[in-house]
Amino acid sequence: HALCAVIDDIRGGNTVVWNHREDIIPGSQPGGSQGNLHHFAFLSVDSDPITDAKRPFNEQGDTRNEIGESGLRCKTNGNTDDAQTGQEHGVAFRFRHRGDLDRAIHTIRRMLTETTVRASDRRALFVGVSAYEAAGGIVTEAATFNLLLTQVDAACQAAKQRGRNTTVTFTPELSRSQSLIDNTLWTRRITAGLQENRFHLTTQLIASSKVLQSEGEVFDMQVALEDEEGFWAEPSVFMPVAERLQLSPQIDRWIVSQSLVQLGQDPSRLAAIGRVRLRLSPSTVIDPDWLTFLIDAFETHGVPARHICFELPELDMRLSQSAVLPFCDAMRAIGCHLAGPHPLSLAAADRSGWRHLRLDEVVLDASSLAGLQTDAAERLMAEQALQLARVRKQRLLVRNLHDPEMLKAWQLLGADYLEGMAVARSTPILFNTAR
């Protein structure tokens, strides 16, 4: 059964998938320490629409063969998810133990990288996971089965909002009624945030290697948007809407201005800080008025540009290089540092374009090498990532380190900067060094 029909029917509120429930969630023998608890995952593989939007996912047939015992089912007639993610191909499978599920997801991610059909192809894997209880793995009620599919779909959509190659486990907060973004509502909230000062800065401490600690503390500057009820929304919720509506440059300017205010008003604080990292949206990078704004902002607040590191978003350099190159030259000319994605996290076709940029730092997502501690091949890839940064005289920041053991592994390898909840949480208490 083509899984696209399953998910599309769920998105449309239909229940015709009930007759195919055993195709997607096959039976299994009960047992194990977790009793009747099972984990069901929906994997969405999004490929670049510029390359080959009609190529079916089953060209990666080796993937199914390698993990055949997982109960894998593939969608082969892809449908368009949205204009930004392009071609969507779905995969569903079930495991009794969450650890087995995580290892299978890790295997698929690695296979998608190793078995890319075209050098110009780029793919991102998003995973939604939900746990359920059922005797022998079989769901016995249609309503429960449809709810399960709705949950993994909602978790998968949340993963897409959080970034490439992410996995999200369903929680009640991710129910479709709560997680779907209402563009009109968020447009109103973003506009009110800019006009009524409802945006709030937060900072997250980044751990530096021992060699770099003498340069001062390093922080990632982030932003939250307060809604009409006083709740703070993370940028992953509202920034996609802001980007589509061309409001993200205004938000980026607010972040820069307020960050320089905070840094400039306390000379002792500024003296203790080495770098403050500010993430830029794609629209800001091509904003022709950005440089004028930035020079004025530095002059107004008296903050040396060397304290600021701008992180470039992941862009399609085939389309953006003519704008990105002069942008980077201008940022370096005024003394700012620049960061961007590590080449190993990019598709092969994108690496040549990024190679022309003079970056001071490169960023690697820790989840892309989740098996680092036990997988010799992944450890070698991590060492190569560090070596490549050294050869290019760049510093390596490893992001999304939520596991203390993974943090320790990257520390031993010699990463320059380490960021994630295993280091410190994001806090509205600005430039807080508590861990």
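1. Start where two helices meet. Met317, Arg318 and Gln321 in α14 contact Asp350, Gly353 and Trp354 in α15. Keep in mind that this is a predicted model.

2. How are these helices arranged? Two packed helices are described by the angle between their axes and the distance between the axes. For α14 and α15 the angle is about 10°, and the axes are 10 Å apart. Angles under 35 degrees count as roughly parallel. α14 and α15 are therefore roughly parallel to each other.

3. Now follow α14 itself. The helix covers residues 317-333 and bends by about 40° at alanine 323. A proline, proline 326, follows within four residues. Just after α14 comes glycine 335, with a positive phi of about 105°.

4. Which residues of α14 are buried? They are Met317, Ser320, Val324, Phe327, Cys328, Ala330 and Met331. An α-helix has 3.6 residues a turn, so residues three or four places apart point the same way. Check the buried set on the model with that in mind. The buried residues of α14 pack against helices α12 (282-285), α13 (290-301) and α15 (348-355). They also pack against strands β11 (308-311) and β12 (337-341).

5. Compare the length of α10 with expectation. This helix runs over residues 248-264, which makes 17 residues. At 1.5 Å a residue it should span 24 Å. Its end C-alpha atoms are 24 Å apart, so the two values agree. Buried residues in α10 include Trp254, Ile255, Val256 and Ser259.

6. Threonine 202 lies in strand β7 (residues 199-208). Is threonine 202 buried or exposed? Its relative accessible area is 7%, so threonine 202 is buried.

7. Look at what surrounds threonine 202. Leaving out residues up to four places away in sequence, threonine 202 touches several residues, among them Asp220, Met221, Gln222, Val223 and Trp232. Ser426, Thr427, Pro428 and Leu430 are also on that list. The side chains of threonine 202 and serine 426 are joined by a polar contact of 3.1 Å.

8. Threonine 427 is buried, because its relative accessible area of 14% is under the 20% cut-off. Beyond its neighbours within four places in sequence, threonine 427 contacts Thr202, Thr203 and Asn432. A polar atom of its side chain lies 3.0 Å from the backbone nitrogen of isoleucine 429.

9. Two phi values need a second look. Most residues other than glycine have a negative phi. Phenylalanine 431, in the segment after β15, has a positive phi near 60°. Lysine 393 is not a glycine either, yet has a positive phi of about 55°. Lysine 393 lies in the loop between α16 (376-391) and β14 (395-399).

10. Which of these two is buried, and which is exposed? Phenylalanine 431 is buried, with a relative accessible area of 9%. Lysine 393 is exposed, with a relative accessible area of 76%.

Methods: Residues are numbered from 1 along each chain as its sequence is written. This is a predicted model: local features need pLDDT of at least 70, side-chain atom pairs count only at pLDDT 80 or more; totals for chains, interfaces and linings use all residues. Side-chain values use heavy atoms; hydrogens and water are left out. Buried means under 20% relative accessible area, exposed over 50%, partly exposed in between (1.4 Å probe, protein chains only). A polar contact is a pair of N or O atoms within 3.5 Å; within protein, one must be able to donate a hydrogen and the other to accept it, and residues adjacent in sequence count only if both atoms are side-chain atoms. Contact means heavy atoms within 4.5 Å. The bend at a residue is the angle between axes fitted to the seven residues ending there and the seven starting there. The expected span of a helix is 1.5 Å times one less than its number of residues. Axes are lines fitted to C-alpha atoms, for helices over the stretch in contact, and angles run from 0 to 180 degrees between N-to-C directions. Angles under 35 degrees count as roughly parallel, over 145 as roughly antiparallel, 65 to 115 as roughly perpendicular and the rest as oblique.
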